[in-house]
Structure formats: structure tokens, C-alpha cells
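Here is my note for you on this model. Please read the points in order with the structure open beside you.

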Amino acid sequence: MGMHSRQRRLFLKASLLQASLAAAGMAVSARSSASAAPPLMAPILRPIPSSGELLPVVGLGSWITFNVGNDPAARAVSTEVVRTFFAGGGRLIDSSPMYGSAQDVIGDALTRLRPPGTLFSADKVWIGSGERGPAQVEASRKLWRVPRFDLLQVHNLLAWEDHLRTLFAMKAAKRLRYVGITTSEGRRHGEIVNIMQGQPIDFVQVSYNILDREVEQRILPLARERRIAVIANRPFRQGDLTQALSGKRLPGWAAEIGCTTWAQALLKFIVSEPNITCAIPATANPAHARDNMLAARGPLPDAALRRRMIADVERIA
Ligand SMILES: NC(=O)c1ccc[n+]([C@@H]2O[C@H](COP(=O)([O-])OP(=O)(O)OC[C@H]3O[C@@H](n4cnc5c(N)ncnc54)[C@H](OP(=O)(O)O)[C@@H]3O)[C@@H](O)[C@H]2O)c1
């Protein structure tokens, strides 16, 4: 293909992106609104216990928020969320074949970003048939447009024995770096505990937020003992918490831990639990992506402040 047609294609692509951003009411300059904001200091990092590799304590979820189909304006906004996330020092993005078009939207964003961010890809396998697991993983990989995944998790323990076998084999063949399992909303914690005790998994993903703290009882101590990284999903109870607290005055302690929003305080609560490796808030709003990355830096609450935070949120939310 000659340079001319390639350049024309790139130009058309850029024009389309600019039109989409304009349609979405965003800055049209190549360097967007978020990069015009002051640079952030480096995020707090925590080791993946099985390897020592460091990860920023705030990642990015993608359920619902990135299921935007083919709408170019919405895709441009998703790209802006991913760009803002990387600009804030973020790395781990979590998705699943269960999340509609989210994987493709992430892959699309990753190809549009120049330079691309330092991605840590966390996807899932979610299919009742163990035999069809490898084909699903390969389809997901193509949608993400990555050479291989960093982390693959068995979603909601579906056919977990078969899928774990596949994932451990992929890891042994160096086609995958880490293996994990997920659940949410306190479901099947007994089974999660058994798997954590019996299988050499690197990651477990569970629901943990300021009001849903059941995992503190057994799962977090066990993760520490078994050297398993923990991803906290539903950090805002799927937005119920941020909504309930919106417009409510931030208590005085927020300033002590450098928080200017409730979202930052909710995330700092989660990542101040030392056995949490990272929290993965989802957002469709680039300003919220920046807000969430602000929670990954500066002071964290100690045990006494954590108790006050719980009491205040229980009262206010
Ligand atoms: N079993 C599993 O494997 C499992 C289960 C559940 C979740 N997950 C993963 O965990 C991720 C997070 O959980 P979730 O999506 O259920 O919910 P969540 O992250 O607790 O809440 C998402 C909601 O919070 C709002 N939000 C985000 N940042 C905000 C901010 N700074 N200020 C105000 N509102 C904000 C978003 O609205 P805006 O778009 O307006 O910002 C969105 O509606 C999922 O996306 C998924 O990747 C996995």
C-alpha cells in the first residue's frame, strides 16, 4: 500500500476521532483536557506476592461502562478514560467476555493511544464448557489486540476445574503470566477459600468496599498466608455508594488523607487494607478516571481512621 493512501487513512481516522470527541463535548486538541491538568505524583505500588512485580493500587474495571457497542462518540470517550487512566499512572485493566463489547472497546482504545500505556491486561474466561475455554481466550485476546494476557481469571468460578487446568498449562508454556479466580457480592466464598487453599493461583478477585467487608474474615488473611494477590471489585457498590454520598459534605478527616472527593475516600479505604493489591473502579467519565487515580497517591488512613470512615459512611450513605 502506498504512503498516500496510508496517510489518508490515518488522517481520516484522526478526523473521525476529533469529530467524535467534539460530539462528546470534549477537547478537540490532540493533547486533551486531562493532560492539560497538572501531572500527578507517582501512584502507590503493591507487589503481586507470587512474583514481586509491582502494581499501582488503583486499576480500571469495564463492566457496563465500556459496553458501548460501535457508537464512535462513546468509543472516543472510552478511549479518553483509558488515556486518562494511563496518564494517572494506572496499569491494570479488568474485563471479561461477559461484558458485551467492552473487550473490543478496550482493544480499540489501546490501538488509538500513542504512545500506548503500560498495560497490565486482566481478562477472564467465562464459559460453561471447559473444552471451549481456549477458543474463548483466543477470541478475547484478538479483541484486546494484545500478544498475550498478563492475567486470566476464571469468572465467577464457572467450570473452574477445567479452566484452571487450561490456564495453568498456558502459564507453564509462557503464554500467560498469572492465573486467578473471581466472584462478587459475597457469593461462593466457601468455594473460593477451598480453591485458594488447594490451587497455586496468583490472584483472587472479590467484592470489597467500605460497607461490604466480609472478605476481611477469612479471604484476606488466607490471601496473605498463601501469598495471593487480591483485586477488589465493586469498590463503589456499582455506583450506589458514590450516588448516595453525592452532594453530602466530606467529613474533616478527608483532608487528613488528601481526599477532595468521596470517591477518593472510598478507594483509599479499600487500598489501606494491606492485603488488597488493587481496587478496580469502573467509569465512563474521564474526569472520574482522573479522580480515581488521585486516590492512588498520598497518605492512607490508619486503623483508627478506617473505623471512623466506616461509621460516617454508614450514617451518611
Ligand atoms: N465477578 C466478577 O468478576 C466481577 C463482578 C463485579 C465487578 N467486576 C469488575 O469490577 C469492576 C468494578 O465494579 P462495578 O463496575 O460493578 O462497580 P463500581 O466500580 O463499584 O462502580 C461503578 C460506578 O461508579 C461510578 N464512578 C466511578 N468513578 C466515580 C467517581 N470518581 N465519582 C463518582 N462516581 C464514580 C461510575 O459512574 P460514572 O461512569 O459516571 O463514573 C459507575 O457507575 C467491574 O467493572 C468489573 O471489571 C468483576
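The points below go from the whole chain to single residues.

1. Ground rules. This is a predicted model: local features need pLDDT of at least 70, side-chain atom pairs count only at pLDDT 80 or more, and totals for chains, interfaces and linings use all residues. Residues are numbered from 1 along each chain as its sequence is written.

2. The whole chain. The chain holds 13 helices and 9 strands. Helices (H or I, at least four residues) and strands (E, at least two) are DSSP runs, numbered from the N terminus. Of the 317 residues in the chain, 43% are buried. A residue is buried if 20 or more other C-beta atoms lie within 10 Å of its own, exposed if 12 or fewer, and partly exposed in between; C-beta atoms are placed from the backbone.

3. Contacts along the chain. Take the contacts with a separation of 6 or more: 78% of them join residues 24 or more positions apart. Two residues are in contact if their C-beta atoms, placed from the backbone, lie within 7 Å.

4. A helix pair. How do the axes of α7 and α8 cross? Helix α7 (residues 189-198) and helix α8 (residues 219-226) have axes that come within 10 Å and cross at roughly 10°. That makes α7 roughly parallel to α8. The axes are lines fitted to C-alpha atoms, for helices over the stretch in contact, and angles run from 0 to 180 degrees between N-to-C directions. Angles under 35 degrees count as roughly parallel.

5. Who meets whom. From α7 come H189, I192, V193 and M196; they meet I219, L222, A223 and R226 in α8. By class, this contact has 6 nonpolar, 1 polar and 1 charged residues. Ala, Val, Leu, Ile, Met, Phe, Trp, Tyr, Cys and Pro count as nonpolar, Asp, Glu, Lys and Arg as charged, and the others, Gly among them, as polar.

6. The two sides of α8. Which residues of α8 are buried? They are I219, L220 and A223. Seen down the axis of α8, these buried residues fall within an arc of 95°, so they line one face of the helix. The arc is that of the directions from the helix axis to the C-beta atoms. The buried residues pack against α7, β7 (203-207) and β8 (229-233). On the other side of α8, P221 and E225 are exposed.

7. Positive phi. Most residues other than glycine have a negative phi. I64 is not a glycine, yet its phi is positive, at about 70°. I64 sits in the loop between β2 (54-56) and α3 (72-87). I64 is partly exposed, with 14 other C-beta atoms within 10 Å. R237 is not a glycine either, and its positive phi is about 50°. R237 lies in the loop between β8 and α9 (240-245). R237 is partly exposed, with 18 other C-beta atoms within 10 Å.

8. N70. Is N70 buried or exposed? N70 is exposed, with 10 other C-beta atoms within 10 Å. N70 is in the loop between β2 and α3. Its C-alpha atom is 8.2 Å from that of S101, 31 residues apart along the chain.

9. The ligand. Which of the 29 residues around the ligand come nearest? They are G61, N233, G239, A263 and A282. A residue is near a molecule if its C-beta atom, placed from the backbone, lies within 6 Å of it. Helix α12 (residues 286-294) gives the most to this shell, with 3 residues. By class, the shell has 8 nonpolar, 17 polar and 4 charged residues.

Notes. Angles under 35 degrees count as roughly parallel, over 145 as roughly antiparallel, 65 to 115 as roughly perpendicular and the rest as oblique.
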